[in-house]
Amino acid sequence: MNRMAQKTVIVTGAGSGMGASHARRLHAEGANVVLTDINVDRGRRNADALGERALFVAHDVSDEASWSNVISEAERVFGGVHGLVNNAGINLERSIDEFSVADYQRVVSINQLGVFLGMREVHQVMARSGGGRIVNVSSTSGLRGTVHGVAYCASKAAVMAMTRVAAVEFADDGILVNAICPGFIDTEMDAGIDADVLSHYVGMTPLKRRAQPDEVSSLVLYLLSDDNSFSTGAEFVIDGGLTKWY
């Protein structure tokens with residue numbers, strides 16, 4: 001069943017990890033997918049692998065002009081925008097004492113400012129398309145504190161707060177806005193975590209494993225599809241039960 005047929009969805013950070021998985025799943029369900037990433041080689045390769053109904057646009061999510069270009073290309077090629085997955089994100093691990101202002105601002109500019117710009121820039125084109133769905137990728141780190149995660153935790157908590165505001169402001173235009181909060185996922189980002197730390201948290205997870213990216217993509221698909229007709233302004237936790245220990 002093509003649950004996303006005749007819908008166009010922008011997926012940021014689609015060069016690797018969860019973003020690439022979301023793009024593949026949405027495309028398989030019939031969507032036109034605009035893959036964006038700052039890594040041109042990876043992003044273009046993923047779009048080429050999908051073939052028809054896939055478009056790659058080089059994109060810095062922290063830059064207003066870059067967002068305008070993505071929206072323009074989506075409208076030019078596919079005629080409108082019906083969905084957005086604000087997935088792009090980074091994590092720099094430092095103690096608070098060791099975090100420079102520049103590093104803190106770098107995390108916030110991508111994880112937080114990028115989400116704000118995405119929602120703002122897509123709002124009117126999505127309204128012109130007759131409504132739509134936005135999924136903002138937060139994290140369980142936005143729900144709790146993690147050592148050396150001051151910038152990441154702050155930015156991901158902000159994503160949830162902005163999601164609530166957008167859900168209220170965009171409702172009259174038929175746009176539903178939700179956040180997802182993944183736990184530990186088998187991606188390159190998690191591969192950078194210290195092995196002992198990762199083992200500790202996987203051991204604390206009731207399901208005793210990390211999620212595969214496609215398991216998160218199933219949730220994204222639901223929230224972007226017409227199956228979701230009434231959930232907005234919510235945070236959907238997908239962490240194997242990890243945060244229930246806290």
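Analyst: Two strands pair if DSSP finds at least two bridges between them. Keep that in mind for what follows, and note that this is a predicted model.

User: With that cut-off, how many bridges link β2 and β3, and in which sense do they pair?

Analyst: Strand β2 covers residues 32-37. Pairing needs at least two bridges, and β2 with β3 has five, in the parallel sense. So against the cut-off of at least two, the count and sense for β2 and β3 are five bridges, parallel.

User: Moving on to helix pairs: are α4 and α5 roughly parallel or roughly antiparallel?

Analyst: Helix α4 takes in residues 101-128 and α5 residues 150-170, and their axes come within 8 Å, crossing at roughly 15°. Angles under 35 degrees count as roughly parallel. That's why α4 and α5 are roughly parallel.

User: What classes do the residues in the contact of α4 with α5 fall into?

Analyst: From α4, the contact includes Y104, V107, F116 and M119, and from α5 it includes Y152, K156, V159 and F170. Sorted by class, the contact of α4 with α5 comes to 14 nonpolar, four polar and one charged.

User: How do α1 and α8 compare: roughly parallel or oblique?

Analyst: Helix α1 (residues 17-28) packs on α8 (residues 213-224) with axes 9 Å apart and an angle of about 55°. The roughly parallel class needs an angle under 35 degrees, and roughly perpendicular starts at 65. The pair α1 and α8 is therefore oblique.

User: Which residues of α1 make that contact with α8?

Analyst: The crossing of α1 and α8 is right-handed. On the α8 side, P213, D214, V216, S217, S218, V220, L221 and L224 take part. On the α1 side they are M18, S21, H22, R25 and L26.

User: Last pair: how many charged residues are in the contact of α3 with α4?

Analyst: The axes of α3 and α4 come within 10 Å and cross at roughly 30°, and α3 passes α4 in a right-handed crossing. E64 and E75 are among the α3 residues, and R120, E121 and R128 among those of α4. Alongside five nonpolar and three polar residues, the charged ones number five.

Conventions: Residues are numbered from 1 along each chain as its sequence is written. This is a predicted model: local features need pLDDT of at least 70, side-chain atom pairs count only at pLDDT 80 or more; totals for chains, interfaces and linings use all residues. Side-chain values use heavy atoms; hydrogens and water are left out. Helices (H or I, at least four residues) and strands (E, at least two) are DSSP runs, numbered from the N terminus. Axes are lines fitted to C-alpha atoms, for helices over the stretch in contact, and angles run from 0 to 180 degrees between N-to-C directions. Angles under 35 degrees count as roughly parallel, over 145 as roughly antiparallel, 65 to 115 as roughly perpendicular and the rest as oblique. Contact means heavy atoms within 4.5 Å. Ala, Val, Leu, Ile, Met, Phe, Trp, Tyr, Cys and Pro count as nonpolar, Asp, Glu, Lys and Arg as charged, and the others, Gly among them, as polar. A crossing is left-handed if the near helix is turned anticlockwise from the far one by less than a right angle, and right-handed if clockwise.
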